[in-house]
Amino acid sequence: MKKRKGIKGVALLSVATTLALATAACGNSNDANNGEGASSSDAGGKGTVTLTMMHPWTSPNADNDVYKARIAAFEAEHPNIKINQDGVAAAQYKTKLFTLAAGNNLADIDVVWPGADLDPLVSGDLLLPLNDQMSNWNELVREDALAGFNKNGNQYAVPTKQNFVDIIYYNKEMFSKVGYDTFPATYEEWIDAIKKLKAAKLTPISLGNKEQWPLQSSYMSTLTQRFAGDDFLQNVVDGKAKFTDEDFVKAVAVIDELTKLEAFNSDANNMDSVQAQDYFIQEKAAMHITSATVNARIRIDNPNGSKFGIALFPSVPGGKGDPKKAAGVPQFGIAIKSGLSKEKQDAALEFMKYFVNEDLYKDLSKAGIMVPTKKNVAGEGEINPFLEELMKLTSNGSTRVFDSVIPTQPSKEFENGLQALTIKQGTPQDVAKKTQAALDALK
């Protein structure tokens, strides 16, 4: 059996160590910190295999309910396999994942992200390659969705959903009140609408940045692409561009401008992402910028959902990126820890085959969630019109999500800098310099 090396690299270990205290209390009472899980002797009966699973499905989103129901259904149909769940809030999930990985202590089954977030887990030999199992998913899952979880020719996870992180949900009535019957097509018009909303004593944007990721992911993924072009983030990682480049500084300056215009709710940094959704749904703000997943909660499952429209960030002056593109990423890849006993590995694979299949994608589609499948899993007339609208909006290509390309430490530095801008501390140039310095420190 191949020996697991654990996460290497001083920078990632430093992140894990620095943030360990923040995650020590994360999760529920079924703590899965011991990746080896329970043996059959303490799992409630002879022949029972207990697997630990860590996931971020704790918030009241439609897809989270589908995932947890599917775990329960698996246990009901497989009484000899118990799934000991460790639910960790999304904002702390990656920190806890890397903290556990640094000590070779992952759960048996883990939810992982593609790209930069997957790299340290693969380099540490912490995940089981799934190549000889891919016949279960090759005809179901799109190649581009699988590609983000493939490293050096090995497949390490299978995604459960396709997400776009930069959907602008907007209140149609509020925009109409200030003279916009359709969503602004240009940045200048968007800023004009924000100023008119303020003049009408309406909060332009509901922001919940207590967890810090919203500005980094939902705003800056797309603003970076709009100003600097599709390849900028990868060029930064490859050393062909820098965060201090003028186009990126212009993108960061948008957050500074929005702050100076008082576009956000005053308690933005004390409100989490779910509270910000509620604030918007309660019609206390004209816009909320977040993921496609929230489409279900804001529009599909909301009796007043027709009040809300959806849009993408508009074009920007002199921008190098296509304004029709959304920032998308396959999410919630299901992965198995390497080095498990044969009994536990077989049980984990049995779970994966049950969990990620056509039925899951069908249930997610019915709940209004976009899925990374080749097949039309929903029957005729079963796709909600609000989901169809979202699918059309995001059908013109995608751009990379910031923290799916940029490693953890500079992403965290960037989040800190963006949050500082929202309280009028620092400048866009300062944020860019510190983020570049954090990236350079990894080399």
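Ala, Val, Leu, Ile, Met, Phe, Trp, Tyr, Cys and Pro are taken as nonpolar, Asp, Glu, Lys and Arg as charged, and the others, Gly among them, as polar. The model is predicted: local features require pLDDT of at least 70 and side-chain atom pairs pLDDT 80 or more, while totals for chains, interfaces and linings use all residues. Residues are numbered from 1 along each chain as its sequence is written, and side-chain values use heavy atoms, without hydrogens and water.

The protein chain contains 18 helices and 13 strands. These are DSSP runs numbered from the N terminus, with helices being H or I of at least four residues and strands E of at least two. Of its 443 residues, 56% are buried. Buried denotes under 20% relative accessible area, exposed over 50%, and partly exposed the range in between, with a 1.4 Å probe and protein chains only. Among contacts with a separation of 6 or more, 78% join residues 24 or more positions apart. A contact is a pair of heavy atoms within 4.5 Å.

The largest pocket holds about 1100 Å³ of space. Pockets and cavities were located on a 1 Å grid over the protein atoms alone. A pocket is an open set of points with protein on both sides within 12 Å along at least five of seven lines, whereas a cavity is a set where a 1.4 Å probe fits but cannot get out. Lining residues have an atom within 4 Å of a point. Grid points are joined across faces, edges and corners, and the volume is the space filled by probe spheres set on them. The lining of the largest pocket numbers 49 residues. Ala90, Ala91, Gln92, Glu211 and Trp213 lie nearest the centre. Helix α3 (residues 90-102) gives the largest share of this lining, with 6 residues. By class, the lining comprises 18 nonpolar, 21 polar and 10 charged residues.

The structure has 1 cavity of 30 Å³ or more. Strand β9 supplies the largest share, 3 residues. The lining of this cavity has 3 nonpolar residues, 5 polar and no charged.

Helix α2 spans residues 62-77. Its 16 residues reach 23 Å from the first C-alpha to the last, close to the expected 22 Å. The expected span is 1.5 Å times one less than the number of residues. Buried positions of α2 are Ala62, Asp63, Asn64, Val66, Tyr67, Arg70, Ile71 and Phe74. In an α-helix, residues three or four places apart point the same way, because there are 3.6 residues a turn. The cover over the buried residues of α2 includes strands β1 (49-55), β2 (81-87) and β6 (161-164). Helices α12, α13 (342-355) and α14 are also among the covering elements.

Across the whole structure, 21 salt bridges were found. A salt bridge places a side-chain nitrogen of Lys or Arg within 4 Å of a carboxyl oxygen of Asp or Glu. Asp278 and Arg297 form one, at 2.6 Å from N to O. Asp278 belongs to helix α11 (residues 273-281) and Arg297 to helix α12 (residues 295-300), so the bridge ties together parts 19 residues apart in sequence. Both partners are partly exposed, Asp278 at 25% and Arg297 at 23%.

Glu283 and Lys307 form another salt bridge, at 2.9 Å. Glu283 sits in the loop between α11 and β9 (285-290), and Lys307 in the loop between α12 and β10 (308-311), so this pair ties together parts 24 residues apart in sequence. Glu283 is partly exposed at 28% relative accessibility, and Lys307 is partly exposed at 25%.

A further bridge joins Lys375 and Glu358 at 3.3 Å. Lys375 lies in the loop between α14 (358-366) and α15 (385-393), and Glu358 in helix α14, 17 residues apart. Relative accessibility is 41% for Lys375 and 31% for Glu358.

Most residues other than glycine have a negative phi. Asp125 has a positive phi, near 55 degrees. This residue lies in the loop between α4 (119-123) and α5 (143-147). Asp125 is buried, at 17% relative accessible area. Phe332 likewise has a positive phi, about 55 degrees. Phe332 is located in the loop between β11 (326-331) and β12 (333-336), and is buried at 8%.
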